[in-house]
Amino acid sequence: MSSDPSPRGAAPAYDDAEKGVSEKVVVYPVEKQAVTYPDEKKDVFPNEKKDGAAPQPQIKRDPYALVKGAPKKKTSKVILVKLWYNMYRKLFTIAFTTNIIMFGFAVSGHWPYATKYAGAFAVANFNVALLVRNEIFGRFLYLLANTLFAKWAPLWWRLGCTSVLQHLGGIHTGCAVSAIIWLTYKVVNTFRNMVNENNAILVVGLLTNVAVIVTAVAAFPWVRNTHHNVFERNHRFWGWSALFLTWAFTIMGDIWHADNKSWVPDGRHLVRQQDFWYVMGMTVWIVLPWICTREVPVDIELPSPKVAVVRFRRGMQQGLLGRISRSAVKEYHAFGIISEGPHAKYHYMICGVQGDFTRSLVNDPPRTLWTRELKFAGISNTSKLYKRGIRICTGTGIGAALSTCIQSPNWFLIWIGSDQEKTFGPTISGLIHRHVEPERLLLWDSKARGGRPDTMKILRDVYKSWNAEVVFITSNYIGNSEMMEGCKEAGIPCFGTLWDF
């Protein structure tokens, strides 16, 4: 693989004379002169330096090589604050603050309606939280942005669209936390009025509150990043339990008449209640992606013990990710999708060995995997918004980056890794060399070139020469932080890997 932005010409072949095997020997006449011996005391070479040291050949240094021992530039606190208070936290602040203001009016007695229908406020927030996480709704939002604003809109607007779409999780968490607060308020008010309530409603309300709290705790960053399987099992199964309990709590509350302390199972009364339809919406957003779940045949290529390249049938558009599992309902894992286009015969996922699931793909390759046929959009899907861009990735991050550069000639690919061709195999290398021209490709082999590159020097040079509008980064936590901080300092618009909060 080439590691330079532009290809080098082939080295000139040596002719027979240079090899020393030519049969033709040309003899040039030499004028005969008397042999003389110079005076030993006379300086025969007056211009030669007398320091006694032989001249050392100059070693050409790689311009992008990272200088070892060089002091790391300290990032300003302003940049660090801007990176910390990103669009995710801004959206969380908006959603959460709006709810807290309404909640304040309710608990202070200034908004009796909110106190009476606290349960409706809870399930309404859950409805929004689940909607923005729904993969089909997400695909619709990406399609809408790409269709309406591609390339012509002001750059600040297009960057804003990408930022909001990438950080929709801020609305998800803001509304989910607010929903728990509203639900707790509802349960507390129910217990305050326990003399007029049925004991079954009290028990189900308390169980519902516990279930949603456990579901939320299982999604904390330190849980899902360090114990992913724990997150998957608890967030999913406690979430399903919370949905069933929410249905029970809502229906029981709507058909119980506190005035005469009796159940009145009136269907027409039930469907007129707003909380009934909010819970119905929650159910639809949860169930809809599961309708697309299928068990599909796969072929697995094992180019090295570190990587499994999973091949699926049919092509995909760029910028999508897919979830796969060995089971229909347990432990789904998301990976970037590589494809030559929607009409291609196959698409691929690169699974680096990191945990039990990915290790099992190498040690015990399956013939089928469960996946959701409708894939969800990632940040690369917004590459259509930009005239030209840079896609930089490290290691297995090529899985999320390559499709964009394959399907669009306006994107420059920078891939940093170690012995990529041997590690990732001929399939990935072939896709790169067939579809990404050398003038928009920089492959850095850390093993061959003696270490990591100066990524910011590469990005600054390529950003200027390629006339790019934005940089998309896929790397590990440390690499992502370094490049994000460097790009912000240099004034280069960038979006990095998102570790969901």
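Two strands pair if DSSP finds at least two bridges between them. Helices (H or I, at least four residues) and strands (E, at least two) are DSSP runs, numbered from the N terminus.

**Ground rules.** I'm working with a predicted model, where local features need pLDDT of at least 70, side-chain atom pairs count only at pLDDT 80 or more, and totals for chains, interfaces and linings use all residues. Residues are numbered from 1 along each chain as its sequence is written, and side-chain values use heavy atoms, with hydrogens and water left out.

**Entry 1: strand S9.** I looked up the partners of S9 (residues 368–372). Strand S3 (residues 293–297) pairs with S9 in the antiparallel sense, over five bridges. There I found Pro 297 opposite Thr 368. Strand S6 (residues 320–325) also runs antiparallel to S9, joined by two bridges. In that pairing, Ile 324 stands opposite Thr 371.

**Entry 2: a parallel sheet.** Next I traced an open sheet of five strands, ordered S13-S12-S11-S14-S15, with parallel pairing. S13 (441–445) and S15 (494–495) are the edge strands; each has a single partner, so one side of each has no neighbour in the sheet. S11 (residues 389–394) and S12 (residues 411–417) pair over six bridges, in the parallel sense. Ile 392 sits opposite Ile 414 of S12.

Angles run from 0 to 180 degrees between N-to-C directions, and axes are lines fitted to C-alpha atoms, for helices over the stretch in contact. H15 (residues 398–407) touches S11, S12 and S14 (470–474), and its direction makes about 155° with that of S12. H17 (residues 455–465) touches S11, S12, S13 and S14, at about 165° to the direction of S12.

**Entry 3: two helices.** I moved on to H5 (residues 118–133) and H8 (residues 169–192), which pack at about 160° with their axes 8 Å apart. That makes H5 roughly antiparallel to H8 (the label is for angles over 145 degrees). Among the residues in contact are Phe 121 and Phe 126 of H5, and Trp 182 and Tyr 185 of H8.

Entry 4: Trp 111 is in the loop between H3 (87–107) and H4 (112–116) and Phe 121 is in H5, so the pair ties together parts ten residues apart in sequence.

How values were computed: Contact means heavy atoms within 4.5 Å. Angles under 35 degrees count as roughly parallel, over 145 as roughly antiparallel, 65 to 115 as roughly perpendicular and the rest as oblique.
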